[in-house]
Amino acid sequence: MAKVLLLGAGYGGMAAAVNMQKRRIPFTIINKHSYHYFTTLLHEPAGGRNDFDPYYVELSDILNSKEVTIVKDLVKEIRPKEKKVITEKGEYEFDYLIFALGNAPEFFGIPGLAEHSLLLRSLNTAKEIRSHIEEMFAEYAADKDPARLRIVVGGAGLTGVELCGELAEYLPHLASKFHIPDSKIELINLEAAPTILPMLDKGLQEEALHQLSKHGVQVRTNEKIVRVDQDLVELATGEQIHAKTIIWTGGVRANPLLQEAGFDCDPRGRAKVNEYLQSVNYSNIFVLGDSACFVGEDGRPLPPTAQLAQQMGQHVVDNIVAITNGQPLKPFSFHYMGTLASLGSDIGVGNVKGMRIKRSVAALMKEASKAKWLLTIGGIGLLAKKNRQFTKSV
Ligand SMILES: Cc1cc2nc3c(=O)[nH]c(=O)nc-3n(C[C@H](O)[C@H](O)[C@H](O)COP(=O)(O)OP(=O)(O)OC[C@H]3O[C@@H](n4cnc5c(N)ncnc54)[C@H](O)[C@@H]3O)c2cc1C
């Protein structure tokens, strides 16, 4: 029987895993954590909305370990010619490989950014952001250093904007816990481009900007960060912002293991794939999600999103089944469902299937998309369990 090895338990990896499990295809999944976390919602616990428990699920609660081998390990190297993957603890052979190891942060060569900024990428980094901010507020009483209450978020794409929306709601509560007046808090969102949320139309961008500003976020577009140091952000204008919390959400590139293994990659390090999602170098290796460079109808690579990763994850399994059954492969086509950005717990902006939505309707739709993913990977049982946890943790 062909050995199928799946790397990564993010959105793409889980979609592939659930599809393979449904079809009773035996496979091994390797992921650095024993759980799948909901990356698209990480701004919520990082920004203080809930506890962390509702935002992850153990792989063994979803995948049947009698048929699926679950390995908690760190992938270190891909050897495509030898059909081998090297991990921290061992090595694994494959006939078919599904590479779904997501992204790495893109720092655009800005000096000091990697060393001095926090990132929002995983459950652990979300915890780090929240506890760091709480620590800064707690320590403010001792030295009254205004930089402790100044938070700079670099990047005003989905991650940066959603995080600012959450923080704008949470920071006043945190301030009151430590008897700090709200007026002392400064939440600054810096964006090098002229607009925020580039995937939305101008009207929705303006609505998001209006809502963020109303809740005290200083959104500054056309502001390029040129240097970061300990507690310091320097802009192209020469302005220096002293802040003890600097969070970078400004860009991603593909997981570096692909380039290191010699795959043909685009400038963002994404492995080039053909219409069937096979690497252009190796037909037995499928690459998906944030790691894949799939050229869309407009001739440009599709932007990395969870919905793209999910659809690709579903599709690669159909194509592996087709190969093993000697049937023709099916070309992948992406069905864009829309984009939703939350701006705190009960407002948002976005478009769904071409319909523009705002405020509480957008927030409700975001909740619905959360429920849809839980149903996809774990059915009604997981949805009910997570709903109980969400209700308890508010
Ligand atoms: C805060 C935030 C909000 C977002 N909001 C949205 C949104 O609203 N809509 C949307 O479509 N997209 C959103 N995104 C983007 C979306 O999360 C990504 O595009 C998506 O997660 C990509 O899926 P993936 O399967 O390619 O990778 P991931 O989901 O990142 O999964 C990669 C997996 O591989 C594991 N891994 C990585 N390296 C190794 C290694 N060396 N060894 C073992 N395991 C490893 C990781 O732990 C992870 O489990 C958001 C992202 C963030 C950070």
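Reply: Start with G12 in this predicted model: one of its backbone N or O atoms lies 2.8 Å from an oxygen atom of the ligand. A306 also uses its backbone, with an N or O atom 2.9 Å from an oxygen atom of the ligand. With D290 the side chain is involved: an N or O atom there is 2.9 Å from an oxygen atom of the ligand. Taken alone, the ligand exposes 1,000 Å², and the protein buries 89% of that.

The elements that give two or more residues to the shell around the ligand are α1 (11-22), α6 (158-177) and α9 (306-324). In total, 32 residues surround the ligand. G12, D290 and A306 are among the closest, and V75 and K366 belong to that group as well. By type, the shell divides into 13 nonpolar, 14 polar and five charged residues.

Domain 1 consists of 4-32 + 73-105 + 252-336, and domain 2 of 108-250 + 338-394. Both give residues to the shell, so the ligand lies between them.

One further element can be described on its own, helix α5 (residues 123-143). At 1.5 Å a residue, its 21 residues should span 30 Å, and the end C-alpha atoms are 31 Å apart, which agrees. The buried residues of α5 include L123, I129, R130, H132, F137 and Y140. Just after α5, K144 takes a positive phi of about 55°.

How values were computed:
Residues are numbered from 1 along each chain as its sequence is written. This is a predicted model: local features need pLDDT of at least 70, side-chain atom pairs count only at pLDDT 80 or more; totals for chains, interfaces and linings use all residues. Side-chain values use heavy atoms; hydrogens and water are left out. A residue is near a molecule or strand if one of its heavy atoms lies within 4 Å of it. A polar contact is a pair of N or O atoms within 3.5 Å; within protein, one must be able to donate a hydrogen and the other to accept it, and residues adjacent in sequence count only if both atoms are side-chain atoms. Accessible areas come from the Shrake-Rupley method with a 1.4 Å probe; for residues, only the protein chains shown count as cover. Helices (H or I, at least four residues) and strands (E, at least two) are DSSP runs, numbered from the N terminus. Ala, Val, Leu, Ile, Met, Phe, Trp, Tyr, Cys and Pro count as nonpolar, Asp, Glu, Lys and Arg as charged, and the others, Gly among them, as polar. Domain bounds come from an automatic or database domain assignment. The expected span of a helix is 1.5 Å times one less than its number of residues. Buried means under 20% relative accessible area, exposed over 50%, partly exposed in between (1.4 Å probe, protein chains only).
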